[in-house]
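Thanks for making time, everyone. I have one structure to walk through today. Please take a look at it before I start.

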Amino acid sequence: MPFCPNCRYEYKEGIKICPDCNIPLVPELIDEEWVIVYTSDQLYEVQMLKDTLESAGIDANILSQKDSSFPGTGDLAVIKLLVKSEDVSSAVDYIKQLNNSKPDNGE
Ligand SMILES: [Zn+2]
């Protein structure tokens with residue numbers, strides 16, 4: 001059964017996106033074996049890293065946490081990229097390479 005990594009709601013087989021959180025579901029809930037290797041407030045950026053890691057054969061999960069401790073600032077969210085503990089070093093290498101090859105225009 002797929003789960004939403006954010007609100008931890010369990011969905012029926014075949015559902016891919018949590019309609020509440022608008023993020024991809026994961027096959028199972030994240031446990032202690034998963035380690036945060038990257039955080040961002042840009043979902044597309046974390047999603048891109050996840051796709052890159054997965055195409056390199058590294059399992060990755062996205063965890064999104066809305067920060068509700070600042071009322072009035074809207075949807076301030078921290079999105080975390082997690083990989084299994086055994087993949088941390090190679091995942092960090094990939095992320096470093098990506099960040100180095102990306103021209104930084106300050107956006
Ligand atoms: Zn959700």
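Start with I23. Is I23 buried or exposed? I23 has 20 C-beta neighbours inside 10 Å, so it counts as buried. A residue needs 20 or more to be called buried. One caution before I go on: this is a predicted model.

Where is I23 in the chain? The residue sits in the segment before β1. What does I23 touch, once residues up to four places away in sequence are set aside? The list is C4, N6, I17, C18, I62 and S64. L43 is 20 residues away from I23 in sequence, and the C-alpha to C-alpha distance is 8.7 Å.

Beyond its neighbours within four places, P24 contacts K16, I17 and I62. P24 and L63 are 39 residues apart along the chain, with 9.6 Å between their C-alpha atoms.

Two more residues from that part of the chain. N22 is in the segment before β1. Its phi is near 60 degrees, which is positive, and N22 is not a glycine. N22 has 11 C-beta neighbours inside 10 Å, so it counts as exposed. R8 is also placed in the segment before β1. R8 is another non-glycine with a positive phi, about 65 degrees. Its C-beta neighbours inside 10 Å number 10, and R8 counts as exposed.

Now the overall layout. How many helices and strands does the protein have? Two helices and three strands. From the N terminus, the order is β-α-β-β-α. The protein has 107 residues, and 20% of them count as buried. Take the contacts with a separation of 6 or more: 53% of them join residues 24 or more positions apart.

On to the core. In soluble globular proteins, nonpolar side chains tend to be buried together. Here, the largest nonpolar core has 16 residues. V37, V46, L81, L82 and V83 have the most contacts inside that core. Which elements each supply at least two of the core residues? They are β1 (34-40), α1 (43-55), β2 (60-66) and β3 (77-84). β3 gives the largest share, four residues. Why does this core lie between domain 1 (1-30) and domain 2 (34-101)? Because both domains give residues to the core.

S40 is worth a stop. S40 lies in strand β1. With 16 other C-beta atoms within 10 Å, S40 is partly exposed. Leaving out neighbours within four places, S40 is in contact with E45, V46 and I79. S40 and L81 are 41 residues apart along the chain, and their C-alpha atoms are 8.5 Å apart.

Now the helices, α1 to begin with. α1 has 13 residues, and at 1.5 Å a residue they should span 18 Å. The end C-alpha atoms are 18 Å apart, so that agrees. Which residues of α1 are buried? V46, L49, K50 and L53. These four cover an arc of only 100 degrees around the axis, so they are on the same side of α1. The face turned away from that buried side carries exposed residues: Y44, D51 and S55. Just after α1 comes G57, with a positive phi of about 90 degrees.

α2 covers residues 88-101, 14 residues in total. First C-alpha to last, α2 reaches 20 Å, close to the 20 Å expected. How many of those 14 residues are buried? One, so α2 is hardly covered.

Last, confidence. The mean pLDDT of the protein is 82. 79% of the residues reach 70 or more. Confidence is highest in α1, with a mean of 94. β2 is lowest, with a mean of 82.

That's the tour. Happy to take questions.

Conventions: Residues are numbered from 1 along each chain as its sequence is written. This is a predicted model: local features need pLDDT of at least 70, side-chain atom pairs count only at pLDDT 80 or more; totals for chains, interfaces and linings use all residues. A nonpolar core is a set of buried Ala, Val, Leu, Ile, Met, Phe, Trp, Tyr and Cys residues joined through C-beta atoms within 7 Å. A residue is buried if 20 or more other C-beta atoms lie within 10 Å of its own, exposed if 12 or fewer, and partly exposed in between; C-beta atoms are placed from the backbone. Domain bounds come from an automatic or database domain assignment. Two residues are in contact if their C-beta atoms, placed from the backbone, lie within 7 Å. pLDDT is the predictor's confidence in each residue, from 0 to 100. The expected span of a helix is 1.5 Å times one less than its number of residues. The arc is that of the directions from the helix axis to the C-beta atoms.
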